[in-house]
Amino acid sequence: MSTLGYDGKVAIVTGAGNGLGREHALLLASRGAQVVVNDLGGSVAGDGADTGPAQRVADEIEAAGGVAVASSASVSTRGGGEEIVQTAVEAFGRVDIVINNAGILRDKAFHNLTDDLLDSVLDVHLRGAFYVTQPAWKLMRDQGYGRVVNTSSAAGIFGNFGQTNYGAAKMGLVGFTRVLAQEGAKYGIKANVIAPGAKTRMTEDLMGGVADKLEPRLVSPLVAFLAHEDCPVSGQAFSVGGGRAAQIFIGVTRGIYDADLSAEVVRDRWDELCDQAGYVVPSNAMEELGLLLPHLS
Ligand code: NAI
């Protein structure tokens, strides 16, 4: 079995001072990538800042014979994103891989959600991915190569109580990824998104008895493959954790068609409308629109 290597590739991993990001950075560096280990170093809720976590992981990589540089800029501002990409360019001259992994939690039942809880979570997860990816994207387009791996969550894709802010940000990253995949296709850039599951400081109180089996290192292999030159897909979503990896897809039922669709027709043909037999998985918005066309001709 040939091994997957990253020699000559430069990777940015955000939120790499702890948990999943640390494992992604260690794995890529151990396979030859030069890595920007980015982490603000705050709490799970995103309070505070500390250069320690990013520096410690960069030191760990160097001690193991790898190449890394630490960055403690925040992903949650445009300036922070630019600084992170600039760090990669100054240290290593290019950017091939962006892994948007930084994240915080500020859970609250929807009826009690405040603007502060909403904005801070959108800023880190969703805007943060824009702010880091965009300056890197320009370089990737110019060089005709790039890999972007975003980090979503089952909490957004499938839903989880108390996480409207987080869920909206995480599902937003799925849309972000799907559009990036289309815009990047002719420039050799692929973008994919994962929904991970692992015991980290973010989740250690939430996972119950199985937590110890969900080692963060078991998420990184899928991330590494999606970040590799050989990655065969773009715009796709994957579930990964505890040794299981699977594809998540967005499908649409065949549905119903009636040129005079009314609320009563919807009611009366509801089961047919929702029947998942023969569902379709469109790869873009035009393909979904295409499902209507046979009815119109
Ligand atoms: P973690 O708390 O161990 O790691 C997240 C890291 O992001 C922390 O080191 C933190 O300092 C850093 N960070 C936070 N805000 C930042 C900012 N503005 N700029 C730069 N760095 C920042 O948590 P974990 O579990 O490793 O989370 C990694 C990603 O995976 C997050 O996006 C999280 O939402 C996502 N995720 C994790 C799951 C799990 O089961 N652990 C489940 C679903 C999603």
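What follows is a set of questions and answers on helices, packing, rings and single residues.

Mentor: This is a predicted model, in which local features need pLDDT of at least 70 and side-chain atom pairs count only at pLDDT 80 or more, while totals for chains, interfaces and linings use all residues. Residues are numbered from 1 along each chain as its sequence is written, and side-chain values use heavy atoms, with hydrogens and water left out.

Trainee: What distance separates the end C-alpha atoms of helix H2?

Mentor: Helices here are DSSP runs of H or I with at least four residues, strands are runs of E with at least two, and both are numbered from the N terminus. The expected span of a helix is 1.5 Å times one less than its number of residues. Helix H2 covers residues 52-63, so its 12 residues should span 16 Å, and this agrees with the separation of its end C-alpha atoms, 16 Å.

Trainee: Which residues of H2 are buried, and what covers them?

Mentor: Buried means under 20% relative accessible area, exposed means over 50%, and partly exposed lies in between, with a 1.4 Å probe and protein chains only. By that rule the buried residues of H2 are Gly-52, Pro-53, Ala-54, Val-57, Ala-58 and Ile-61. Their cover includes helix H1 (19-30), strand S2 (34-38) and strand S3 (67-71).

Trainee: Which residue just after H2 takes a positive phi?

Mentor: The phi in question is about 95°. The residue that takes this value, just after H2, is Gly-65.

Trainee: Which residues of the largest nonpolar core touch the most other members?

Mentor: A nonpolar core is a set of buried Ala, Val, Leu, Ile, Met, Phe, Trp, Tyr and Cys residues joined through side-chain atoms within 4.5 Å. In the largest such core, which has 32 residues, the members touching the most others are Ile-12, Ile-84, Val-95 and Val-98.

Trainee: Which element gives the largest share of this core?

Mentor: Two or more residues come from each of strand S1 (10-13), H3, helix H4 (115-143), helix H6 (164-184) and strand S6 (189-197). The largest share amounts to nine residues, and the element that supplies them is H4.

Trainee: How many residues does the second, separate core have?

Mentor: Tyr-6, Ala-54, Ile-97 and Cys-231 are included in this second core. Cys-231 has a relative accessibility of 1% and therefore counts as buried. The number of residues in the second core is 30.

Trainee: Is Asn-192 buried or exposed, and what does Asn-192 contact?

Mentor: Asn-192 is placed in strand S6, and its relative accessibility of 0% means that it counts as buried. Contact means heavy atoms within 4.5 Å. Leaving aside neighbours within four places in sequence, the contacts of Asn-192 are Val-148, Val-149, Asn-150, Thr-177, Leu-226, Cys-231, Val-233, Ser-234, Gly-235, Gln-236 and Phe-238.

Trainee: Where is Thr-87, and which residues does Thr-87 touch?

Mentor: Thr-87 belongs to helix H3, residues 78-92, and at 19% relative accessibility it counts as buried. Not counting residues up to four places away in sequence, Thr-87 touches Val-36, Val-69, Ala-70 and Ser-71.

Trainee: Why is the pair of Phe-249 and Tyr-279 described by its ring geometry as it is?

Mentor: Rings of Phe, Tyr and Trp (its six-membered ring) pair if their centres lie within 6.5 Å, with planes under 30 degrees apart counted as stacked, over 60 as edge-to-face and the rest as tilted. This rule gives two aromatic pairs. For Phe-249 and Tyr-279 the centres are 5.9 Å apart and the planes lie at 15°, so the pair is stacked.

Trainee: How many disulfides does a search of the whole structure find?

Mentor: A disulfide is a pair of cysteine sulfur atoms within 2.5 Å. With that cut-off, the number found in the whole structure is zero.
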